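Hi everyone, thanks for coming. Please have a look at the sequence and the structure on the screen, and then I'll walk you through a few places in it.

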Amino acid sequence: MSTAPKPSYIQMSRAKDKSIRELVTPEGVDLKIKLADPGSRIGAFLIDLTIMVAALIALSLGAIYGANKLDLESSGEIAVVIWMLAFFFLRSFYFTFFEIRPKGATPGKMIMKLRVASRNGERLTAPAVFARNAMRELEFFLPLGFFFSQGGDISGLIALTGLVWSGLFLFLPLMNKDRLRAGDLIGGTWVIAAPRPILAKDLAAPTDKHAVLGYNFTPKQVGAYGIHELHVLEDVLRTNNLETLIAVAARIREKIDWERGGRELDRDFLNAYYAALRKQLEVQMMFGKRRVDKFDK
């Protein structure tokens, strides 16, 4: 009698939440990435557009006020020129300026708790950010210009073309499983749900079934090691050699200045520390930070 194959962990994970992706970094750390949902991305974009429009209005009013103060007759023309220059710089550099920074997010994305990340697990690079945002000109601003353009008998055709063009790019994230827009495809990026900063404070909490009451590591204690030591510790736990467990546990306790409890078992201690160290490294990797080993500051 044949039995159905047992589903793998990845299959079961995706069955529970289709937005979860497993990403193995070059160092072998398996990150659980949660993709941003379309509603959050649209909300973040609208917030950024609102900020850009507000900045343009403020600059225009400031230009008109300044021209009137100086008794310039062409105050309206000056305001238009300033508005066009500001609009060019905002649409060209607003997204790039914020996403190239360590947080990898514009104000809109930060409000919606999203960030841009590299799809290969590497640090988000400047070329990737430039590439994904250069496509926004074709995806949104150029069609927007077509839509509002005036051109006599062909204005309606231009507006329709802009509308269809915008629609194709607008629904592209809904046509692929990773919700990638054209800029993401070109730049090798995706937008993910950013981990909350409080996770760094929660590392002291027990994180797996082996952790028991009393294993409350501080962020400084967990931060004593890096990815290399995580792999070494994983091998030690997998091998499960008693003498090695005792020696490694003693070494880590000395390193992090941990006072051993009366009933503390070496394997329980190592399991708890491994879980806390892995969680901290995963959170750091989500923010584009990678600590190779204990010597990497």
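**A short walk through the model**

Let's start at threonine 106, which sits in the loop between helix 3 (75–99) and helix 4 (107–111); helices here are DSSP runs of H or I with at least four residues, strands are E runs of at least two, and both are numbered from the N terminus. Before going on: this is a predicted model, where local features need pLDDT of at least 70, side-chain atom pairs count only at pLDDT 80 or more, and totals for chains, interfaces and linings use all residues. Residues are numbered from 1 along each chain as its sequence is written, and side-chain values use heavy atoms, with hydrogens and water left out.

Is threonine 106 buried or exposed? Threonine 106 is buried, because its relative accessible area is 0%; buried means under 20%, exposed over 50%, and partly exposed in between, with a 1.4 Å probe and protein chains only. Leaving aside neighbours within four places in sequence, threonine 106 is in contact (heavy atoms within 4.5 Å) with Asp48, Tyr94, Phe95, Phe98 and Glu99.

Now the wider view. The protein has 11 helices and 4 strands, and buried residues make up 38% of its 297 residues.

Next, a pair of helices. The axes of helix 9 (residues 227–239) and helix 10 (residues 242–256) come within 10 Å and cross at roughly 145 degrees. Those axes are lines fitted to C-alpha atoms, for helices over the stretch in contact, and angles run from 0 to 180 degrees between N-to-C directions. Which residues make the contact? Helix 9 brings Leu233, Val236 and Leu237, while helix 10 brings Thr244, Leu245, Val248 and Ile252.

Ile252 and Leu233 turn up again in the largest nonpolar core, which has 25 residues. Such a core is a set of buried Ala, Val, Leu, Ile, Met, Phe, Trp, Tyr and Cys residues joined through side-chain atoms within 4.5 Å. Both are among the members that touch the most others, a group that also includes Phe217 and Phe269. Helix 11 (266–286) is one of the elements giving two or more residues to this core, and its 9 residues are the largest share.

Last stop: glutamine 221, in helix 8 (residues 219–222). Glutamine 221 counts as buried because its relative accessibility is 13%. Beyond residues up to four places away in sequence, glutamine 221 touches Asn216, Ile256, Asp257, Trp258 and Tyr273.
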